[in-house]
Amino acid sequence: MTSIHRRSILRGTGALAAVGLSAPSVLAQAGKPHAGTTINAACFQTTYFDYLRAYFPEFEEKTGIKVNFTMQAFPVYNQRTDLELSTRGSALDVINVTFIYSGRWIGAGWLTNLDTFTKDAKLTPAAWAPEDFLGGPQSAMRNAKGETFGYAWLAGAMIQSAARYDLIEKAGLSMPKTFDELLKVCDAIHGKEGVAAFTADRLHHWNWIPYLMGMGGGVFKAPPENLTPTLTTPEAAKAADFYANLLVKYGPDGILSYSDDQAMRSQMAGRANIRTQDAVWMVPLFKHAESTVQKTVRYGLMPAGPSGNYPGSNSHALGIPAGSKKKEAAWEFIKWAVSKEIITRVVREHAYPGIARLSVIQSPEFKQVLTLNGQDVAALYLEVLQLGGKTGYMKYRTVPVFPQVGDKINKAIERIATKQQGAADAMKQAQAEAIQDLQKAGIKIDT
Amino acid sequence: MSTRTRTNRFLLQALAVTLAVLALAPFLWLLVMSFKTNAEIFRFPPRLFFEATLDNYAHLWTSEFRRSFSNSLIVATATTFLSLLVGVPAAYALSRWTAPGGNAITLWILASRMAPPIAFTIPYFLVYRHLELLDTLAGLVVIYLTFNLSLVIWMMRPFYDQLPRSLEEAAWIDGATMWQGFYRIILPLSGPGLAATAILCFLFAWNDFFFALILTRTEAMTAPVAVVNFMNYEGWEWGRIAAGGTMIMLPVLVFSFIVRKYLVHGLTGGALKG
Amino acid sequence: MRRQHRFFVWCVAPSLAVLALITLLPSLYLLVTSFTQLNLTRPETQWDFSQPFESYRQILADSRLHHSLWVQAKLSFWTVLLQVLIGLLLALLLNMRSGLIEALRTVFLIPMVLPPIVVAIIWKVIYTPDISPMHGIFRAIGWNVPALITDPNWALTAIIIADTWEWFPFTMLMVLAALQMMPQEILDAAKVDGATPLQLTFYITLPFLQGVLLVAGLFRLIDSIKAFPLIFILTDGGPGNVTEVTNYYSYLQAFNFSFLGFSSAITIALLAASVALSWLIVRVVGWGVRVD
């Protein structure tokens, strides 16, 4: 499909919505085949489904399917869902296919091949357009044969935000563009007006990696083929030291236990200034009613290191567990939750940036609502997505064993940040533990 | 009593009261917090008099939390009933009769009560996958028997030890069968013991967190797991977290007060009588 | 007599059968699993006994596991010690006849009867600087105290404090029960001989309580191996691995990473330890030995 064609589809959003709705409504008149069904859906804590929840009654009205949606903190969600999938149980009907688990879950055969639904015209109208989803984010949701196991609701892209940019300006500085500048800015603003210079959540194996790569390091030797961990390089030690230092020297008290939400709240409450994370956690600083920093927040690209700029990008998708007994009802929900209409609405009402449908991204509305404090955040966001797609530096994240290795990284950063170990020692231990786990999982390691 | 001893006594009592207040402070803090708005929670120093709100409770009661609350209730009641049904006759028999290998049985019963929960969780988890008992109330009831059945046996046996044998022997002489002797004479006499044991069984099942964490997902989720999920999700809604905690602990406090005399007994397997 | 015998067998049999089914069989299953490398992402590992002792070999080589044993030892030592001490002192204090004191005894029980998860939530509140009254007080008097549960020097102490708070009533209650069984004549005789209250405590009461303190300590020791909710809620084993006890590590291996075979091997060791300690209790108490 050409983009012109897309745009023409998009221009007629209103009409499209009518078409999109009328197709299922034919079915609905045929008795809403899934009326009375209750499906269980789950995701980690995220703004997208916070917003979506408000629309659930419409979905229930339209299909007669009741949605029981639970959200948990990121690590908790992953652990519980992994456990559930491993039993091939039927407790969940719709799940979030977490980026770092996508390789593991798809590889183990724990998810349902969604092609059977998209290829069936009775189940999916052509207007739903599965090919409208961006190739980059979708690539993590496919297996080697090209079958699709999830449709992305989030194409995440890491950017930088300064909740109190006024403090940076007051110090005569601007948005940091390099790691060195970041340190300089943090030094200049830390503690001013009681605001900590930096904040982060505790998912170090996501937040830290751009710093690792920016300094020239990497997690594995050559993912996905060679998964020998490379955590003992001098670059890794340097990056770990740098990042741990950011956390303890410039972070608010208790930063090491922050969840995503808590880190966001620390910025919204004006207790902390700079954060480098996925844009979806940054936009609420401007949009959220409880934010106290709406007027002072500014955004920028992730700072670059001596070896380049590697802002993280990822995707999260909705999928159906292999053990679900209500797959068709589950598909109804997925179809609805990432339909053009719903995505457009979430963008319009909440300036939600992390979407994965090209037609919506290219719409003028997207650019318009994501202009925050005069800044074109949409452009920033797209730039990061392109960076990630170009060189494939995100491949390390979707290998099946990343969750185990990521855990070792988290622990190592914690040990450094809490001064239990020097960076070199901590990374050495992480490397040894990672190798042990990889071998337990039957992975070949270079010696 | 001399003045000195009286002063001493007064001082000791004052000390005891102070310590009690100190020991209870963390608990009271949570209780009070559940009636506060978020703004009030973040205020320091806290105000002694604040406008109490029931919003936290109202919010919980309209959410999914209510279902997990009733799950907890059903599971705890069912497992209590089953443990008593199976365990009470055994306790009676073990009190009246020296079973062959009695010591081994004793150790077995105590050990199954003391075993780390993960030792049962792994095999149950693996087997439940195939029996489709994961995320079901029945699955929880069964695994709660692992600790409650032992509890019934060791709680009840000392009660029967205290009842003289002549009671049922008299009934036998009057022509009652052994079963009737137990059922008509002994069982009614052990009423208080039964009540205490039932309450303890209920509490242990109600309090469980680990088994439910691993073996339930959505449908059979119990209240303790639900409140933790809630905490993971709404990390800053402390008022609601406190309200959830309070709702879980209230039945426990009431029941515990009733059986406080038997607590030692229940927790130590009759090693000591309270 | 045969009739009696048969009746009793019928009373006991269902219990033993159910217990065997729900405890012995699973333990056996656990043991068998520990001889495999079971990992649910690789179904072929389910009944693969080609390397039966691989998990046990890994146990010997796993430094994180060894560290967790050390953490466990520290946690057990301090919690048992503190709980026995505090429980003993409180029991001695509360061992007087007065309506007020009797009421207080009940009040002191509250921490112990609370659901463990609620105890964990209570301490989470106290250890979260933003809302903690404790941190509020520290700030007010100008102390700069770090968030205890994310500070490696304090995290384990924080857990120990919370666990001690939860379980000191247990030892207190056991000691109180024992004190009430103390023969009054000995005390009276000693008083007549002019013993001071302190002497009474040291030479008569404490020796009398030896046994109960040992049993209480053993019970707490076994329970300390099972520590879970506090660690799960407060620190998640962190920061780093500072509060990662063996039980918690085993849980992570089994249910976070799906290394069920390996975790079973660790758990077998834990199970053996708690059975051994239970045996010790049975020996000390002499429970189950029939004295007719």
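A salt bridge is a side-chain nitrogen of Lys or Arg within 4 Å of a carboxyl oxygen of Asp or Glu. By that rule, two salt bridges cross the interface of chain A and chain C. This is a predicted model, where local features need pLDDT of at least 70, side-chain atom pairs count only at pLDDT 80 or more, and totals for chains, interfaces and linings use all residues. Residues are numbered from 1 along each chain as its sequence is written, chains are lettered from A and ligands numbered from 1 in the order in which they are written, and side-chain values use heavy atoms, leaving out hydrogens and water.

**Where chains A and C meet**

- Contact (heavy atoms within 4.5 Å) links 28 residues of chain A with 31 residues of chain C.
- In one salt bridge, the side chains of A:Glu433 and C:Arg64 come together at 4.0 Å, N to O.

**The largest pocket**

- A pocket is an open set of points on a 1 Å grid over the protein atoms alone, where a 1.4 Å probe fits, with protein on both sides within 12 Å along at least five of seven lines; lining residues have an atom within 4 Å of a point.
- Its volume, the space filled by probe spheres set on the points, which are joined across faces, edges and corners, is about 1300 Å³.
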